[in-house]
Amino acid sequence: MADPATEKATIEVDGVQYSTITEGLATILVPQGAKVGEDGGQVQQVFYNPIQQYNRDLSVLAIKVYGEEALERRKNRKQTKDAKYGKKRKRGDENGTKVEETEQPPAQPEQQPASEPVPAAQKNAGSTAKPAFKMLDALSASGLRALRYARELPFVTSITANDLSASAAKSIKQNVEHNGVADIVSVTNGDALAVMYRTIADALSNSENAKSWKKPAKFDVIDLDPYGTAAPFFDAAVQAVRDDGGLLCITCTDSAVWAGHAYCEKAFSLYGGTPIHGMHSHEAGLRLIINAVATSAARYGLGIEPQLSLSIDFYTKVFIRVTKSPQAVKFLGSKTMIVHSCDSGCGAWETQYLMRAKAAPNKKGNGAFYKYGMALGAADRLCKHCGTKMHINGPMYGGDIHSRDFIERLLKQIPESDKKIYGTLPRLQGMLQNALEELIPGPEEPAPVEPRDKESAKIDRYPFFVVPGKLASTVSCATPSDDHFRGALKHLGYVAGRSHCRPGSIKTDAPWSTIWWIMAEWIRQKAPVKTSRFKADTAPWRLLKKLGILEAQGDAGADLVDVDNQPDVTMEGVDAESNKGQDAGAEQPVPLTEEDLRKTMVFNDELAHLGREGKTQNLVRYQMNPRENWGPLTKAKSN
């Protein structure tokens, strides 16, 4: 993959020579002599990191999909309201007498604050002006992100590009003029928190104003892309974005904190939970960040709906809708989980939700409501598979981290997008397809009456993923191919997709007992192990002994396992009464015992074909580094 953006020309502005970097439809000016795109060397006067073009491409497309749907929803809501109430309404006078209200003034174009120039399209548009759509690029740096939004999103009417650095703000203003978007983009130099809290104050002032047609002060979209963690901005952002479905776009680049185990105390102070030590640490990091946003929002009666949550290279990118919903906030406890991890043993985990929400019929029997209560303890101190001590991680978000509808609309948008503008479209499509495969529907819980808040109560019953190579290394055997492992899961009737977080990952609804049963069958059929490798009473030894691979405790010095004389192994989680290994079209399910399932599951070409992905296997699902030393850069420094 070539570098997504390149220096194309040299121009002179006010006697200073600049090189230009073009990304999408936007161009930024870089003073010649500044070091851009590489770490070290001369001081970076303008911070530009080409690795994050993927982040910016994704942000532009995601906001485009969100904005089109949000404006359409707003238009339909207004039409419904107008049809219901008409142009004239009745109100009560001071004495309570009903009087006829005069016709409301026509809808006015959005009045920009003094610091925000009114777009030219609005100045002369009259009644045909675009609906207001305000954005905040809170930590703008070079302003490239705000410039791309202004040039590539046709419905945006106002963008505030803010940066704490005076030299950065000066550079942004220069880039705004160079790109010809001064009628849309206004530049501020200040603390991002101050900008958002002023917006909150303006919104409160407007809500007390009798003129109900006055525009809301809050932003439709807030983009937080700091150098490091975005956690200090969560509280202000959830309040400064519109509470009728506004969108937060959050980037956190401190992966050593939320995906590592060396700084668990810092992760707790920033995100309110401890990270996971294991192969699925990046998904756990996403859930820590989302939970931090959710708890900040809940204090103000705001519910969140994650639209898309991705771990990309060295950072995370999450898109979250925020809605005023005290009812949805009640489910936060039942959608928050801690994780018991066997991180130093076999890698298994168990989830434990902090509360439970159970649907119950009301007294009249014509509806249902939710009862909230404490959850029962579930996990043991020791791993049930290998006997190793379990560690506690979290609390973290336990609901779905993606919206299926949002991802599907994004995927539909990609073929219509210009590859010359969005240089990372192939990777976008592959990663979005991975994210779609992560959404595994859970079992439907029987309810006497369909509860109204069913979607708000929904949890992710199958978080995280497994990596066959990691499982094989735990028990020191040859690694099964991904196709064979997926085929085995599908043969038993389980879902087998991917996770976007890691190559070679498999997302499934199979329990850990079944996953280890499959590995035991792989060892029996294709990858015999030398038992002399395993010391007695170690995690792999206990695991293989429980699986029936090791015979007795005194046989740890034997060379190869005698497969024919192994005891039968109980495989928990497999429904022996269902015909999971048979064709779905069979008329009568044939009851299968565990021994039948073992006999029908053979690691051969047919099983690998079952696990093959077909048309989607040629997607660019994971990043290929375009050059050496591809990764995060140092911050830009002022002169």
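**Entry 1: Ser296**

Which residues does Ser296 touch, not counting residues up to four places away in sequence? I looked this up and found Phe234, Asp235 and Val238, where contact means heavy atoms within 4.5 Å. I located Ser296 in helix H9 (residues 281-298); helices (H or I, at least four residues) and strands (E, at least two) are DSSP runs, numbered from the N terminus. Ser296 counts as buried, at 9% relative accessibility. Buried means under 20% relative accessible area, exposed over 50%, and partly exposed in between (1.4 Å probe, protein chains only).

**Entry 2: the model and its confidence**

I note that this is a predicted model, in which local features need pLDDT of at least 70 and side-chain atom pairs count only at pLDDT 80 or more, while totals for chains, interfaces and linings use all residues. Residues are numbered from 1 along each chain as its sequence is written, and side-chain values use heavy atoms, with hydrogens and water left out.

I recorded a mean pLDDT of 82 for the chain, with 76% of its residues at 70 or more; pLDDT is the predictor's confidence in each residue, from 0 to 100. Over residues 37-44 the pLDDT stays under 50, and the model has 22 contacts beyond four places in sequence for them. The pLDDT is also below 50 over residues 90-127, a stretch with 52 contacts in the model beyond near neighbours in sequence.

**Entry 3: the chain as a whole**

I read 19 helices and 19 strands in the chain. Of its 639 residues, 52% count as buried. Among contacts with a separation of 6 or more, 68% are between residues 24 or more positions apart.

I listed the buried residues of helix H11 (residues 404-413): Phe406, Ile407, Leu410, Leu411 and Gln413. Seen down the axis of H11, they fall within an arc of 155 degrees, so they line one face of the helix; the arc is that of the directions from the helix axis to the C-beta atoms. Their cover includes helix H1 (53-85), strand S11 (302-312) and helix H12 (425-437).

I then turned to Gln429, which is found in H12. Gln429 is partly exposed, with a relative accessible area of 34%. Leaving aside neighbours within four places in sequence, Gln429 is in contact with Leu411, Ile414 and Leu619. The C-alpha atoms of Gln429 and Leu411 are separated by 6.5 Å, the two residues being 18 apart along the chain.

**Entry 4: the crossing of H1 and H3**

How do the axes of H1 and helix H3 (residues 144-152) cross, and within what distance do they come? They come within 10 Å and cross at roughly 35 degrees. Axes are lines fitted to C-alpha atoms, for helices over the stretch in contact, and angles run from 0 to 180 degrees between N-to-C directions. The crossing is right-handed, that is, the near helix is turned clockwise from the far one by less than a right angle.

On the H1 side, I noted Gln53, Asn55, Arg56, Asp57, Ser59, Val60 and Ile63 in the contact; on the H3 side, Leu144, Arg145, Arg148, Tyr149 and Glu152. By class, the contact has four nonpolar, three polar and five charged residues. Ala, Val, Leu, Ile, Met, Phe, Trp, Tyr, Cys and Pro count as nonpolar, Asp, Glu, Lys and Arg as charged, and the others, Gly among them, as polar.

**Entry 5: two buried residues**

I placed Ala348 in the loop between strand S13 (336-341) and strand S14 (349-353). Ala348 is buried, with a relative accessible area of 3%. Apart from neighbours within four places in sequence, its contacts are His340, Ser341, Cys342, Cys383, His385 and Trp512.

Thr508 lies in strand S19 (residues 507-508) and is buried, at a relative accessible area of 9%. Beyond four places in sequence, Thr508 touches Ile440, Tyr462, Leu489, Tyr494, Val495 and Ile515.

**Entry 6: backbone geometry**

I found a cis peptide bond joining Gly394 and Pro395, with omega about 5 degrees; Pro395 lies in strand S17 (residues 391-397).

I placed Phe464 in the loop between helix H13 (454-457) and helix H14 (468-474), where it counts as buried at 1% relative accessibility.
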